[in-house]
Amino acid sequence: MSLLELEDVSVTYRIASGEVPAVRGVSLTLDSGAALGVAGESGSGKSTLAMALLRLLPRDAHVGGRILLDGEDVLTMKWGRMRAVRWAEASIVFQGAQHGLNPVRRIGDQIAEPLLVHGLAKPDAAGRRVTELLEQVGLPAWRARSYPHELSGGQRQRVMIAMALACSPRLIIADEPTTALDVMVQAQVLSLIKELVAEHDISLIMISHDLSVLADVCDQLAVMYAGRVVEHGPSTEVFHDAKHPYSRALAAAFPTVGDPASRLAPKGLGGDPPDPMQLPSGCAFHPRCPVALDECPTLDVELWPAGERRSAACVHVREKEGAS
Ligand SMILES: Nc1ncnc2c1ncn2[C@@H]1O[C@H](COP(=O)(O)OP(=O)(O)OP(=O)(O)O)[C@@H](O)[C@H]1O
């Protein structure tokens, strides 16, 4: 049974100079207890998509399509219901934990807040839950009395994960949860996330530019380029045998988890990702594509089947798989 279904989701920012189509026609499903990785370079629309899931986007963002969380459309929910869903049913961990924590409040009070706000615990019980959550994320109970500046970056990210777990949500969205951390701490936080989602049967959407990290943690991968999903399938297959030339370049840039090369741009790709306000015609990837054909600039691109439970938006896949 799907916990989350995205049907033709699009997000357009309306700014003074025009419209920014940040997410274009994304359809994905996430089964209960499964982990989906969303990969792509900076600007591909990953964070916009994540924020759209919990309606956390600024007012100038216009969202289309349907986002069904356990069958309920997030986009048409009343605000009261939406607030109840956040933290309690789905929570989000952002990149750079230092920005997500209040610098002048103790850690324990911040972890307890979602429990108290949602009326899920009285102060005493919330205190006990904070101790339990700190233990789950590998921090001693006395850390509840610390302030954020007394913790390392990795510890702060653990606190953010404890907050995300506080109300026992069914879905956690982790947006580049380890990007700001050094390689060793990154590996520790990743294994913590893996362990927690498995133990608590939580569904996970994890966002990263690093395909190797996602392949390590997630069952399924969606690769985004210029606001669209260009490849989707089981993560190890997409990572080791990508069908789209963009996914291949991303996979080649991040050979193993935590590799220092993960800070580099995709190998073999010239140029930059396109400006969403001036998207190339046809397949938006064609100006950077090493295997582009004459027809790519005018191609009506879609996700074509690329083997069992796999799809890719590349003309070569369409030809090989015999789709039309
Ligand atoms: N508030 C906003 N107003 C206008 N455009 C925006 C806004 N937020 C994001 N964008 C644009 O939307 C596009 C997608 O941005 P988004 O942050 O979702 O990408 P991303 O893949 O998450 O990138 P990163 O990895 O750098 O966070 C980009 O072109 C970005 O400039």
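Biologist: Where should I start with a predicted model, and what average pLDDT does the chain have?

Modeller: Start with confidence. The chain averages a pLDDT of 89. Of its residues, 93% score at least 70. For the complex, the predictor gives an ipTM of 0.96 and a pTM of 0.91.

Biologist: Which residues have a pLDDT under 50?

Modeller: Take the general idea before the case. Where pLDDT is low, the predicted coordinates should not be read in detail. Here pLDDT stays under 50 over residues 259-264. The model has ten contacts beyond four places in sequence for that stretch.

Biologist: Now the overall build. How many helices and strands does the chain have?

Modeller: There are eleven helices and twelve strands in the chain. The chain's radius of gyration is 20 Å, close to the 20 Å from the globule rule for 324 residues, so the chain is as compact as a globular protein of that length. Its C-alpha trace spans about 65 × 45 × 40 Å along the principal axes.

Biologist: What share of the residues is buried?

Modeller: Of the 324 residues of the chain, 46% count as buried. Look at contact separation too. Among contacts in the chain with a separation of 6 or more, 62% come from residues 24 or more positions apart.

Biologist: Into which domains is the chain divided?

Modeller: Domain 1 covers 2-89 + 171-184 + 197-321, and domain 2 covers 99-168. Their C-alpha centres lie 30 Å apart. Six residues from domain 1 and eight residues from domain 2 make the contact. On the domain 1 side, the residues that touch domain 2 comprise six nonpolar, no polar and no charged ones.

Biologist: Next, sheets. What is the strand order in the open sheet of four strands?

Modeller: The order is S2-S1-S4-S5, and the pairing is antiparallel. Then look for the edges. Strand S2 (18-31) and strand S5 (72-73) stand there, each with a single partner strand, so one side of each has no neighbour in the sheet.

Biologist: How many bridges pair S1 with S2?

Modeller: Strand S1 (residues 2-15) pairs with S2 over ten bridges, in the antiparallel sense. One place to check is isoleucine 15, whose bridge partner in S2 is glycine 18.

Biologist: Let us move to S9. Which strand runs antiparallel to S9 and is joined to it by six bridges?

Modeller: That is S10, with S9 at residues 220-225. The two form a hairpin with two residues between them. In the turn, alanine 226 has a positive phi of about 50 degrees. Methionine 224 stands opposite valine 229 in S10.

Biologist: In what sense do S3 and S9 pair, parallel or antiparallel?

Modeller: Strand S3 (residues 35-39) pairs with S9 in the parallel sense, over four bridges. Follow one residue across. Alanine 222 in S9 stands opposite valine 38, and its bridge partner in S10 is histidine 232. Histidine 232 in turn stands opposite serine 311 in S12. S10 and strand S12 (residues 311-312) pair in the antiparallel sense over two bridges.

Biologist: How many residues of S9 are buried?

Modeller: Six of its six residues are buried, so read both faces together with the cut-off: a residue is buried if 20 or more other C-beta atoms lie within 10 Å of its own. Gln220, Ala222 and Met224 are buried on one side of S9, and Leu221, Val223 and Tyr225 on the other.

Biologist: Why is S10 described as largely enclosed?

Modeller: Strand S10 (residues 228-234) has six of its seven residues buried, so the rest of the structure largely encloses it.

Biologist: Last, helices. Which residues of H1 are buried?

Modeller: Here is the general idea. An α-helix has 3.6 residues a turn, so residues three or four places apart point the same way. Now the case. Helix H1 (residues 46-53) has eight of its eight residues buried, so it is largely enclosed by the rest of the structure. They are Lys46, Ser47, Thr48, Leu49, Ala50, Met51, Ala52 and Leu53. Just after H1, arginine 55 takes a positive phi of about 50 degrees.

Technical notes. Residues are numbered from 1 along each chain as its sequence is written. This is a predicted model: local features need pLDDT of at least 70, side-chain atom pairs count only at pLDDT 80 or more; totals for chains, interfaces and linings use all residues. pLDDT is the predictor's confidence in each residue, from 0 to 100. Two residues are in contact if their C-beta atoms, placed from the backbone, lie within 7 Å. A residue is buried if 20 or more other C-beta atoms lie within 10 Å of its own, exposed if 12 or fewer, and partly exposed in between; C-beta atoms are placed from the backbone. Two strands pair if DSSP finds at least two bridges between them. The radius of gyration is taken over C-alpha atoms; the globule rule is 2.2 Å times the number of residues to the power 0.38. Domain bounds come from an automatic or database domain assignment. Ala, Val, Leu, Ile, Met, Phe, Trp, Tyr, Cys and Pro count as nonpolar, Asp, Glu, Lys and Arg as charged, and the others, Gly among them, as polar.
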